[in-house]
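Welcome! Please open the structure in your viewer and keep the selection tool ready, and we will walk through it stop by stop.

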Amino acid sequence: MKLSLSDRLLACCALVHPGDRVTDVGCDHGYLSIHLLQSGIASHVYASDVREGPLSSAKRNAEAYGVTEKIDFFLSDGVQSLPRDFDTLVCAGMGADTMVSILSAAPWLQGGSYRLVLQCQSKTPFLRRYLSETGWEISMETVLRDGRFLYTIMEVLWNPNTPKLTVGQWYFPPALLKKETPETAEYYRWVVDGLRLAVQHRPDEENQQALKELEAMQEELS
């Protein structure tokens, strides 16, 4: 029996290297973990969730799809209770506050060879700012549409020597231009329009600086 996966989660899986040992944090129903194993992408998966209900559902799904031998489950807040012998950490479908909390509580991820695959649901500029200021580099980011919504998915590597993102780049980082999709321009317009609206209602220095930098970038790209 083959599992059907959303375009959003398929894009996350596409950033996992063949043979990787993967940690799926906030695994929910376990579909991403199961697809990685069914497709032969991951060699092993550690699937974790902070809630017992979703974790039990993921266990049942793993059994139904025949991948229990290559997956271990953990009731865990972030990666606190997980083994550290993995290659790629996937966080999909969480808000930036949750992702930042998970990464902040695991400083051992820094300085190593771990790869992060992050699909943020809200406050993405806040996540990009945190990553940039703590030594993580967004090596690749892409935009895709899944249903009615646009999503960005990023690959993140430890690189404390990478230049820090500017305020404007928190909203639209250079990595988005490395792998443009048909939705990239639409996402850019959505970001700029949202910032213009924010400046009207909350004209603080940070918002104005971000909008100024984005509009300058727009001129360069046109």
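**Two helices at an angle**

Start by selecting helix 1 and helix 2, which are oblique to each other (angles under 35 degrees count as roughly parallel, over 145 as roughly antiparallel, 65 to 115 as roughly perpendicular, and the rest as oblique). Helices here are DSSP runs of H or I with at least four residues, strands are runs of E with at least two, and both are numbered from the N terminus.

Before going on, a word on what you are viewing: this is a predicted model, in which local features need pLDDT of at least 70 and side-chain atom pairs count only at pLDDT 80 or more, while totals for chains, interfaces and linings use all residues. Residues are numbered from 1 along each chain as its sequence is written, and side-chain values use heavy atoms, with hydrogens and water left out.

Back to the pair. The axes of helix 1 and helix 2 cross at roughly 50 degrees and come within 10 Å; axes are lines fitted to C-alpha atoms, for helices over the stretch in contact, and angles run from 0 to 180 degrees between N-to-C directions.

Now show side chains. On the helix 1 side, Leu9, Leu10, Cys12 and Cys13 meet Leu32, His35 and Leu36 of helix 2, where contact means heavy atoms within 4.5 Å. Sorted by class, this contact has 6 nonpolar residues, 1 polar and no charged ones. For these classes, Ala, Val, Leu, Ile, Met, Phe, Trp, Tyr, Cys and Pro count as nonpolar, Asp, Glu, Lys and Arg as charged, and the others, Gly among them, as polar.

**Staying with helix 2**

How many of the residues of helix 2 are buried? Helix 2 has 6 of its 8 residues buried, so it is largely enclosed by the rest of the structure. Buried means under 20% relative accessible area, exposed over 50%, and partly exposed in between, using a 1.4 Å probe and protein chains only. Select Leu32, Ser33, Ile34, His35, Leu36 and Leu37 to see the buried residues. They pack against helix 1, strand 1 (20–25), strand 2, helix 3, strand 3 (71–75) and strand 4. After helix 2 comes Gly40, with a positive phi near 75 degrees.

Step back to the loop between strand 1 and helix 2, and you will find Asp28. Its phi is near 55 degrees, a positive value in a residue other than glycine, and Asp28 is partly exposed at 34% relative accessible area.

**Into the core**

Next, select Val22, Leu32, Leu36, Val45 and Ile153: of the 31 residues in the largest nonpolar core, these touch the most other members. A nonpolar core is a set of buried Ala, Val, Leu, Ile, Met, Phe, Trp, Tyr and Cys residues joined through side-chain atoms within 4.5 Å. A second, separate core of 28 residues includes Val79, Ile102, Leu127 and Tyr130.

Zoom in on Val45. Leaving aside neighbours within four places in sequence, Val45 is in contact with Val22, Asp24, Ser33, Leu37, Lys70, Ile71 and Asp72.

Then pick Thr23 in strand 1, which is buried with a relative accessible area of 0%. Beyond four places in sequence, its contacts include Tyr46, Val79, Leu82 and Phe86.

Move to helix 4 (residues 96–104) and helix 5 (residues 124–133), whose axes are 8 Å apart at an angle of about 20 degrees. That angle makes helix 4 roughly parallel to helix 5, and the crossing is right-handed. Ala96, Asp97, Met99, Val100, Leu103 and Ser104 in helix 4 meet Phe126, Leu127, Tyr130 and Leu131 in helix 5. The residues of this contact comprise 8 nonpolar, 1 polar and 1 charged.

In the loop between strand 5 (115–120) and helix 5, select Lys123. Lys123 has a positive phi near 55 degrees and is partly exposed, at 46% relative accessibility.

**Last stops**

Is Leu195 buried or exposed? Leu195, in helix 8 (residues 184–201), is buried at 4% relative accessibility. Apart from neighbours within four places in sequence, Leu195 touches Tyr171, Asn207, Ala210, Leu211 and Leu214.

Finish at Asn161, in the loop between strand 7 and helix 6 (167–171). Asn161 is exposed, with a relative accessible area of 72%.

Definitions and conventions:
A crossing is left-handed if the near helix is turned anticlockwise from the far one by less than a right angle, and right-handed if clockwise.
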